Amino acid sequence: MAAAAALAERARPLASPNPGVGALVVNKGRVVGRGWTQPGGRPHAEAMALEAAGAAAKGATLYVTLEPCAHQSERGPACADLVAGSGVARLVVGMGDPDSRTAGSGNARAVGAGITVEELDWDAEQLGLSGHVAATVSRRPHVTLKLAMSLDGCIATSGGESQWITGAAARAHTHRERARADAILVGGGTLRADNPRLDVRLPGLEARSPRRVALTSGEVPEGWTAIAAPESISQLEGLRYLLVEGGAQTASAFLKAGLVDRLLVYRAPLLLGGGTPAIGDVGHATLNAAYAGGLVLQERRQLGRDTLEVYQRGEVERD
């Protein structure tokens with residue numbers, strides 16, 4: 001399943017408006033077919049993998065990150081029907097589809113065709129499906145907040161200098177995150193002060209530069225979209241993944257609204273003392289309130305001279 005999830009990564013975010021899914025067909029310990037959701041959402045991962053496997057799919061195991069879709073579409077057949085008629089003996093699903101049009105009926109259709117079905121119930125983030133869950137269940141994009149700061153939590157010096165707090169490796173990782181997002185958002189103050197490009201500058205990924213959004217009640221340049229409040233992200237059509245980059249007040253606004261699903265903290269080995277704090281007031285008057293809005297550490301790694309910490313929304317127990 002981890003290999004299928006790695007394939008799904010190739011689909012993000014190009015598969016929009018469909019979720020990025022990965023699939024593998026394995027027969028007698030050998031991979032005979034693989035696929036991922038294609039740009040624009042079709043063909044689906046299962047269709048690609050089964051076509052690649054051909055006759056070798058008979059008696060094989062199909063691994064797919066998301067339950068095969070069961071609803072009819074003018075854009076292509078239901079994957080549940082393709083799986084049912086493929087001859088595979090076993091279907092292993094990373095997680096069930098929360099979309100009410102499928103929601104268990106895809107697996108049931110495979111069972112009805114005599115296929116053994118196993119649902120692993122992996123975490124959506126592991127499968128690259130957190131955006132699909134957010135869009136389907138919460139009716140908004142999955143939000144990643146990125147903060148680049150000094151050891152003492154500042155994003156700029158007392159004189160306002162901020163480029164560059166982090167080094168080249170951390171900046172390259174940020175551009176990789178941009179390439180995985182459907183849209184990127186900054187505050188109106190950052191837009192007016194810096195006129196940021198917000199593009200992807202990694203060789204070969206320049207075409208994956210996301211849509212640009214500003215949190216502001218004012219006017220925005222051509223090619224930008226303005227929203228007046230964090231909650232308005234639910235009105236942005238076609239988004240599954242939103243990356244929020246700054247500045248401090250924008251970060252605070254999303255945290256205060258409870259809309260941050262994932263937090264990336266790039267920490268440089270600097271002490272700025274008296275600089276601009278990374279975030280402002282998020283409304284926590286007590287420690288219990290702060291813990292209630294918890295973020296759980298998922299990963300820590302070194303990026304050149306800097307450190308990256310990855311947090312996800314979760315319950316944090318206070319000792």
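The term pLDDT denotes the predictor's confidence in each residue, from 0 to 100. For this protein the mean pLDDT is 89, and 96% of the residues reach 70 or more. This is a predicted model, in which local features need pLDDT of at least 70 and side-chain atom pairs count only at pLDDT 80 or more, while totals for chains, interfaces and linings use all residues. Residues are numbered from 1 along each chain as its sequence is written, and side-chain values use heavy atoms, leaving out hydrogens and water.

**Confidence**
- Confidence is lowest in helix α9 (residues 287-292), with a mean of 70, and highest in β3, with 97.
- Helices (H or I, at least four residues) and strands (E, at least two) are DSSP runs, numbered from the N terminus.

**Nonpolar cores**
- A nonpolar core is a set of buried (under 20% relative accessible area, 1.4 Å probe, protein chains only) Ala, Val, Leu, Ile, Met, Phe, Trp, Tyr and Cys residues joined through side-chain atoms within 4.5 Å.
- The largest nonpolar core has 26 residues, of which Val25, Leu62, Val83, Val88, Leu91 and Leu129 touch the most other members.
- At least two residues of this core come from each of β1 (22-27), α2 (45-53), β3 (61-66) and β4 (90-95).
- Apart from it lies another core, of 22 residues, including Ala183, Leu185, Leu239 and Leu259.

**Second largest pocket**
- A pocket is an open set of points on a 1 Å grid over the protein atoms alone, where a 1.4 Å probe fits, with protein on both sides within 12 Å along at least five of seven lines; lining residues have an atom within 4 Å of a point.
- Among the 34 lining residues of the second largest pocket, Pro17, Asp99, Arg101, His132 and Arg240 are the closest to its centre.
- Helix α5 gives the most to this lining, with 3 residues.

Note on methods. Buried means under 20% relative accessible area, exposed over 50%, partly exposed in between (1.4 Å probe, protein chains only).
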